[in-house]
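Please look over the sequence and the structure shown below before reading on.

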Amino acid sequence: MSGIDGSAALPVIDVSPLTGPASPSARAGVAGQIQAACRDRGFFYLAGHGVPAGLLDQLAAASAEFFALPLADKLEIAMEHGGRAWRGFFPVGAELTSGRPDLKEGLYFGAELPADDPRVRAGIPLHGANLFPQQVPRLGPLVLAYLDALTHLGQAVLAGVALSLGLDAGYFAAGYTADPTILFRIFHYPPSPPQAQDWGVGEHTDYGLVTLLAQDDSGGLQIAAPDGWIDAPPIPGTLICNIGDMLDRLTGGWYRSTPHRVRNLSGHGRLSFPFFLDPAFTAEVPPLPGRAAAGDDGRPRWDGQDLRAFTGTYGDYLLGKVSKVFPQLRSGALD
């Protein structure tokens, strides 16, 4: 299936009424656009997001500096050193998104938690301190600043999602994301040969509520659509937002998490910065009242999974997913 110009297929939504003072009618207008986008593709561009361009530029420059280091230097903060916090560097081929090695390397980060945090002391997986490279000392502060900015933006976007579902704007911030699971990745995709069948990241959906993605100008992101795969190229000054499996589950499938994939055909390295704002690790995520089957149109999910059949906490769901992505780290890190 061939791609088309995704900028013509995906809406651009100005979310500034959600990130600052605005009239109820302005917020309702944004919520209506979010609803249409979530019902149609599950992906949309965010304009007016308020994230300083200079912050992302600095983060990209520091990230490029890190990925240019010799492999031995990068492995000093390998994920095997991150333990249960699930943080650090992984080399090309170490992540298996769709059962095959991905053609990318990356860094895993999350909310920075001290050793005496109750969640860390309890040994809850995916909670703890980040691993930052000594060779690029500016990267750590930039990552933490970006996490703060994207957490604020993500909560604002979820306010719009709540309004789009007829809920109070603070529904998520007062509940599922009062103590959110915050995960952040920096990925570097080496160029893929044009005729190769290797994917930078294979077909998948995201696991949580919303993903906020910054990408460089290389292109390569594709999303599934009824008529085939469509491109989602970078648009200057915007981020991409897509919904995850938990929002799909909450709405009974009325909002669908959409499969996507990446192949870097730019001829040079590609950087991307996905940020995930997800429910609390210990939260159960049942369908919203009246939504258990509201969106069930008989279409099976791309992977055949029935999200309504899942029982347990978001942490249970997340661990089941990441243990397949990094099976070599399952023992010890998550058990």
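Is tryptophan 86 buried or exposed? With a relative accessibility of 2%, tryptophan 86 counts as buried; here buried means under 20% relative accessible area, exposed means over 50%, and partly exposed is in between, with a 1.4 Å probe and protein chains only.

## Basis of the report

The model is predicted: local features need pLDDT of at least 70, side-chain atom pairs count only at pLDDT 80 or more, and totals for chains, interfaces and linings use all residues. Residues are numbered from 1 along each chain as its sequence is written, and side-chain values use heavy atoms, with hydrogens and water left out.

## Two loop residues with positive phi

Tryptophan 86 is located in the loop between helix H5 (71–74) and strand E3. Helices (H or I, at least four residues) and strands (E, at least two) are DSSP runs, numbered from the N terminus. The phi angle of tryptophan 86 is near 60 degrees, a positive value in a residue other than glycine.

Leucine 126 belongs to the loop between helix H6 (118–121) and H7. Its phi is near 70 degrees, again a positive value in a residue other than glycine. Leucine 126 is buried, at a relative accessible area of 4%.

## The sheet of eight strands

An open sheet is formed by 8 strands in the order E1-E2-E10-E7-E12-E5-E4-E3, with mixed pairing; two strands pair if DSSP finds at least two bridges between them. At its edges are strand E1 (12–14) and strand E3 (88–90), each of which pairs on one side only. On average, neighbouring strands of this sheet are turned by 25 degrees against each other, direction ignored. Axes are lines fitted to C-alpha atoms, for helices over the stretch in contact, and angles run from 0 to 180 degrees between N-to-C directions.

E1 and strand E2 (residues 43–47) pair in the parallel sense over 3 bridges, and within this pairing valine 12 stands opposite tyrosine 45 in E2. Helix H3 packs on the sheet and touches E1, E2 and strand E10 (239–243); the direction of H3 makes about 155 degrees with that of E1. Touching is judged by contact, meaning heavy atoms within 4.5 Å.

Proline 11 lies in the loop between helix H1 (6–9) and E1. At 31% relative accessibility, proline 11 counts as partly exposed. Leaving aside neighbours within four places in sequence, proline 11 is in contact with Ala37, Phe43, Phe44 and Tyr45. Proline 11 and alanine 68 are 57 residues apart in sequence and 35 Å apart in space, C-alpha to C-alpha.

## The packing of H3 and H7

Two packed helices are described by the angle between their axes and the distance between the axes. Helix H3 (residues 24–40) and helix H7 (residues 139–164) pack at an angle of about 80 degrees, and their axes are 8 Å apart. H3 is therefore roughly perpendicular to H7, since angles under 35 degrees count as roughly parallel, over 145 as roughly antiparallel, 65 to 115 as roughly perpendicular and the rest as oblique.

On the H3 side, Arg27, Ala31, Ile34 and Gln35 meet Val157, Gly160, Val161, Leu163 and Ser164 in H7. By class, this contact has 5 nonpolar, 3 polar and 1 charged residues. In this classification Ala, Val, Leu, Ile, Met, Phe, Trp, Tyr, Cys and Pro are nonpolar, Asp, Glu, Lys and Arg are charged, and the others, Gly among them, are polar.

## The sheet of four strands

A further open sheet has 4 strands in the order E6-E11-E8-E9, with antiparallel pairing. Its edge strands are strand E6 (201–204) and strand E9 (228–231), each pairing on one side only. The twist averages 25 degrees from one strand to the next.

Strand E8 (residues 221–225) and E9 pair in the antiparallel sense over 4 bridges, and they form a hairpin with 2 residues between them. Alanine 224 stands opposite tryptophan 229 in E9, while glutamine 222 stands opposite aspartate 231 in E9.

## Cysteines

How many disulfides does a search of the whole structure find? The search finds 0 disulfides, a disulfide being a pair of cysteine sulfur atoms within 2.5 Å. The sulfur of cysteine 38 is 6.9 Å from the closest cysteine sulfur, that of cysteine 241, which is too far for a bond. Cysteine 38 is buried at 2% relative accessibility, and cysteine 241 is buried with a relative accessible area of 0%.
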